[in-house]
Amino acid sequence: MEIVKTSQSSKPLPSSVLKVNVSKDEPDPMKQTGESDAIQSPNSDRPKIEIRQMNFFYGSNQALFKVNLNIREHKVTAFIGPSGCGKSTLLRCLNRLNDLVIGSRVEGKILLEGQDIYAPDVDVTDLRTRVGMVFQKVNPFPKTIYQNVAYGPQLQKVRGRAILDEIVERGLKGAGLWEEVKDRLHSSALGLSGGQQQRLCIARALAVNPDVLLMDEPCSALDPISTSKIEELLHSLKQQLTVVIVTHNMQQAARVSDYTGFFLLGELIEYDDTRRIFTNPGDRRTEDYVTGRFG
Ligand SMILES: Nc1ncnc2c1ncn2[C@@H]1O[C@H](COP(=O)(O)OP(=O)(O)OP(=O)(O)O)[C@@H](O)[C@H]1O
Ligand SMILES: [Mg+2]
């Protein structure tokens, strides 16, 4: 599909669209608009993840077209766009979950700290340990709270009660759930509320010490209080790791993310710092989407 570059929009968007969390002192991000093949980086330091000229196919259907995007370490990057535009597909490519889809195919490169994650010698289990994922549908195991968090470390052959206790506590604290569950660690995870279960899934992901956490609409089934707990969590999590989140909630993207990529029909239309995407985007289609004129 041909991409038509649009000129800078003429006026800033109404302030109703948003409070963004990017401070004025932030350096410009790896700004990207339209079909440019070049990846622009303001800093010489390497991004955590580089996506280069990526195409993705489900059989003969192409879901992503020439995506170029740099994801910065210790930042929250949001993917936004209408349903079916490829956000989840791209997210799942970052830890090769799409490998499980028969007939799927990737072209281009995704580099994690400079290493091609699709190279033949990559151990996909290791990759998924480094790049964890939290899904829209809350999915705790039908086990105790403790066993849910200890599961990943145990698979990695971490043994010893004291070490596991420490990992479980750290994971639950990292997910902002410790205080609520510390007296019922050996009760079923299924007895937790939906919001608690989602934070348990985050604790489970954190327990294996990932570098990157992918979150696909993690709050879409949650109440506003649980949602705000997870949003607060993101601010502290990014001190330790890099977060990529898909959301349909524009206010959420504006509140939690440092950088935002807007996708349409499998193309990255614009990628910029979140404040700019929501207040003065470079592309008319981004402006229409973030102001609710379509999508
Ligand atoms: N497993 C699959 N097999 C075949 N086609 C798929 C599969 N998953 C997604 N697609 C197609 O790929 C395109 C992108 O889907 P994707 O799920 O990435 O979109 P999305 O932006 O995450 O949408 P939503 O906001 O609804 O979650 C869609 O046309 C979808 O139908
Ligand atoms: Mg999706």
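Modeller: Two residues are in contact if their C-beta atoms, placed from the backbone, lie within 7 Å. In this predicted model, take the contacts between residues at least 6 apart in sequence: 70% of them join residues at least 24 apart.

Colleague: What is the chain made of, in helices and strands?

Modeller: You'll find 10 helices and 11 strands in the chain. Buried residues account for 45% of its 295 residues.

Colleague: What makes a residue of α4 count as buried, and which ones do?

Modeller: The cut-off is 20 or more other C-beta atoms within 10 Å of the residue's own. In α4, Ile167, Val168, Gly171, Leu172 and Gly174 are buried.

Colleague: How do you know that those buried residues line one face of the helix?

Modeller: Look down the axis of α4: its buried residues fall within an arc of 160°, so they line one face. The cover over these buried residues includes α3 (145-155), α5 (178-181), α6 (194-206) and α7 (224-240).

Colleague: What span is expected for α4, and what does the model give?

Modeller: α4 covers residues 161-174, which is 14 residues. The expected span is 1.5 Å times one less than the number of residues, and for α4 that comes to 20 Å. The model reaches 20 Å from the first C-alpha to the last, close to what's expected. Just after α4, Gly176 has a positive phi of about 70°.

Colleague: Over to ligand 1. Which element gives the largest share of its shell?

Modeller: That's α1, with 3 residues. Both β3 (61-71) and α1 (87-93) supply at least two residues of the shell. Among the residues around ligand 1 are Tyr58, Asn61, Gly86, Lys87, Ser88 and Thr89.

Colleague: How many residues of that shell are nonpolar, polar and charged?

Modeller: The shell splits into 4 nonpolar, 7 polar and 1 charged. Gly counts as polar here, and Gly81, Gly84 and Gly86 are among the residues around ligand 1.

Methods. Residues are numbered from 1 along each chain as its sequence is written. Chains are lettered from A and ligands numbered from 1 in the order in which they are written. This is a predicted model: local features need pLDDT of at least 70, side-chain atom pairs count only at pLDDT 80 or more; totals for chains, interfaces and linings use all residues. A residue is near a molecule or strand if its C-beta atom, placed from the backbone, lies within 6 Å of it. Helices (H or I, at least four residues) and strands (E, at least two) are DSSP runs, numbered from the N terminus. A residue is buried if 20 or more other C-beta atoms lie within 10 Å of its own, exposed if 12 or fewer, and partly exposed in between; C-beta atoms are placed from the backbone. The arc is that of the directions from the helix axis to the C-beta atoms.
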